[in-house]
Amino acid sequence: TKVDLIVSRVASTKTPNLIGLDLDTATSAILSVGLEKGKISERQSGSKPGMVIGQNPEPEALIEKGSPVDLVIAKPEEVATPNLIGRPESEVEKTLAGSGLVLGAVSYRLSRQSPGIVLSQDPEPKKVVPRGTPVDVTISKSQTVRVPDLTGKEKSEAEQLVRKAGLSRGNVTVKPSTREEGTVIGQTPEPGQDVAADTDVDLVLATRR
């Protein structure tokens, strides 16, 4: 007598190609063919962050339905921030580009440092950050002061006013004048001008000779 047998067979399916998909789309594709989402790991890559760059099993593999599919997701490559402090402003953007970073916010602060020099940066030097991170910098700006009017002042008083204004006394010359001897009859820069701190102020004093 013939005996008919029914043999069970494992239901199988092919894994879809998930490379280049974002995580949500890849998950939907996995579930649509009867598979399960497996482990998710990250790896530095130049690909768009969050994009699938690897999978296990490989695409088109024949596997049992309900099996998990592990995914590898791209994360930004990490780089160390260069030390910009002390560098001129003109070099900042090029230096950052060479490190895979971009220039962020630029602010200026009064300083005795030469104008146009980086005083600080955020993130700080040698900090590991994702490629493409913006770096904010603070640039030195000349501290300007207004030149006081020294006309008619005695030499000692004029020098005191110069120092008080944050300036330096420059050359002192004399010139014949009918005004009181030893008083200021001329100055450079002129009164009321805005100049950088520590600028020399030259004095011309009256003399009867």
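## Salt bridges

Lysine 153 has a relative accessibility of 27% and therefore counts as partly exposed. In this predicted model, lysine 153 forms a salt bridge with glutamate 157, with 3.9 Å between the closest N and O atoms, and glutamate 157 is likewise partly exposed, at 36% relative accessibility. Across the whole structure, a search finds 5 salt bridges.

Another of these pairs joins glutamate 77 to arginine 131, whose closest N and O atoms lie 3.1 Å apart. This pair links distant parts of the chain, 54 residues apart: glutamate 77 sits in the loop between strands S5 (68-75) and S6 (78-80), and arginine 131 in the loop between strands S9 (128-130) and S10 (134-142). Glutamate 77 is partly exposed at 29% relative accessibility, as is arginine 131 at 43%.

## Helix H3

The buried residues of helix H3 (residues 155-164) are Ala158, Glu159 and Val162; because they cover an arc of only 100° around the axis, they fall on the same side of H3. These buried residues pack against strands S12 (168-176), S13 (184-188) and S15 (200-207), whereas Gln160 and Lys164, on the other side of H3, are exposed.

Glutamate 159 also meets lysine 155 in a salt bridge (2.9 Å, N to O), and the two are separated by about one helical turn because they are 4 residues apart in H3. Salt bridges with shared partners join Lys155, Glu159 and Arg169 into one network.

## Surface patch

Val3, Leu5 and Val7 make a nonpolar surface patch of about 380 Å². Valine 7, in the segment before strand S1 (12-14), counts as exposed at 70% relative accessibility.

Key
Residues are numbered from 1 along each chain as its sequence is written. This is a predicted model: local features need pLDDT of at least 70, side-chain atom pairs count only at pLDDT 80 or more; totals for chains, interfaces and linings use all residues. Side-chain values use heavy atoms; hydrogens and water are left out. Patches are made of residues with over 30% relative accessible area and no salt bridge: like charges are joined within 9 Å, nonpolar side chains (Val, Leu, Ile, Met, Phe, Trp, Tyr) within 5 Å. Accessible areas come from the Shrake-Rupley method with a 1.4 Å probe; for residues, only the protein chains shown count as cover. A salt bridge is a side-chain nitrogen of Lys or Arg within 4 Å of a carboxyl oxygen of Asp or Glu. Buried means under 20% relative accessible area, exposed over 50%, partly exposed in between (1.4 Å probe, protein chains only). The arc is that of the directions from the helix axis to the C-beta atoms. Contact means heavy atoms within 4.5 Å.
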